[in-house]
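Please read the following account alongside the sequence and the model. It moves from the overall make-up to individual elements.

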Amino acid sequence: MHLRFARRLGLADAVTVTNAAVGFLAAVVATVDVETAARLVLFGAIADGLDGVVARHRGSTPAGEYLDSLADVASFCVAPAMIVAVLALEAWPVAESPVIGTLVLAVPALFVATGVARLGLYTAYDSKVRETTGVPTTLAATLLAAAVLTGYTSPVLLLVATGAFACLMLSSITYPDLHAQDALVMGVVQAAAVLAPVIHALVPMTPAWIGEGFAWALLFLATAYLLFGPKFYWENTHGRTDAEEPA
């Protein structure tokens with residue numbers, strides 16, 4: 001017996017499905033430790049960028065763009081929504097406030113729903129061009145994760161941000177893809193924010209604030225792209241040649 005996917009999926013696809021598994025882990029870990037969950041979301045963002053690099057150098061498969069969007073549902077829709085939902089339910093437990101608890105859960109649920117819709121639209125209409133309509137799910141998830149790592153864990157703030165992203169993901173705002181060098185910088189900062197606790201454990205003399213500093217840098221970079229990307233970060237070249245890109 002041969003596994004159907006053994007001969008049809010490539011190395012880039014393996015990275016993509018690993019991203020989906022990381023998204024599942026982040027959603028589960030969110031019920032125990034939201035900061036670790038936030039770091040897993042950022043790790044998923046790194047994997048999401050890495051699969052495109054692998055696809056360019058090792059080739060892609062027809063399934064790649066579909067797998068990419070499916071994996072993004074787990075890592076950049078469900079996982080960040082779980083982080084927000086857990087923090088919101090800590091403030092308004094459903095058992096104590098059934099109406100309020102149900103209402104606050106509606107916001108992350110809307111985030112997942114609009115994220116899925118946005119990824120479907122991306123796969124259908126934007127995967128072959130160098131810009132995308134609506135706030136990318138990766139960007140929204142990165143901002144929520146960075147906010148948690150920098151201490152912005154107020155349920156009200158996160159619910160407002162999550163609701164805003166849910167609307168912006170289906171907006172008509174057009175975002176250009178990041179240039180390769182800028183995507184690399186973003187990935188390095190994300191990796192530093194993810195690995196900070198490990199580095200501090202291995203090298204106890206490393207100042208604890210370094211990890212938070214990278215999280216702040218990530219929050220600044222992602223916010224700058226969110227606010228100014230559609231207006232100032234643009235390139236005139238159209239027609240994507242990359243097989244897989246973050247959505």
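Residues are numbered from 1 along each chain as its sequence is written, and side-chain values use heavy atoms, with hydrogens and water left out.

The average pLDDT (the predictor's confidence in each residue, from 0 to 100) is 85 for the protein, and 87% of the residues score at least 70. Residues 236–246 have a pLDDT below 50, although this stretch has 36 contacts in the model beyond near neighbours in sequence; a contact means heavy atoms within 4.5 Å. Where pLDDT is low, predicted coordinates should not be read in detail.

The secondary structure consists of eight helices and two strands. These are DSSP runs numbered from the N terminus, with helices being H or I of at least four residues and strands E of at least two. Along the sequence the pattern is α-α-α-α-β-α-α-β-α-α. Of contacts between residues at least 6 apart in sequence, 84% join residues at least 24 apart. Among the 247 residues of the protein, 45% are buried, where buried means under 20% relative accessible area, exposed over 50%, and partly exposed in between (1.4 Å probe, protein chains only).

Helix 1 covers residues 11–29, and its 19 residues should span 27 Å at 1.5 Å a residue, which agrees with the 27 Å between its end C-alpha atoms. The expected span is 1.5 Å times one less than the number of residues. Buried residues of helix 1 include Asp13, Asn19, Val22 and Gly23. Helix 2 (34–58) and helix 3 (64–91) are among the elements that cover the buried residues of helix 1.

The second largest pocket holds about 210 Å³ of space. Helix 5 (137–149), helix 6 (155–168) and helix 8 (209–232) each give two or more residues to its lining. Helix 6 supplies the largest share, four residues. Lining residues of this pocket include Leu143, Tyr152, Phe165 and Leu226. A pocket is an open set of points on a 1 Å grid over the protein atoms alone, where a 1.4 Å probe fits, with protein on both sides within 12 Å along at least five of seven lines; lining residues have an atom within 4 Å of a point. The volume is the space filled by probe spheres set on the points, which are joined across faces, edges and corners.

Which cysteine is buried, Cys77, or Cys167? Cys77 is buried, at a relative accessible area of 0%, whereas Cys167 is exposed, at 55%. The disulfide count is zero, a disulfide being a pair of cysteine sulfur atoms within 2.5 Å.

Note on methods. Predicted model: local features only at pLDDT ≥ 70, side-chain atom pairs only at ≥ 80, totals over all residues.
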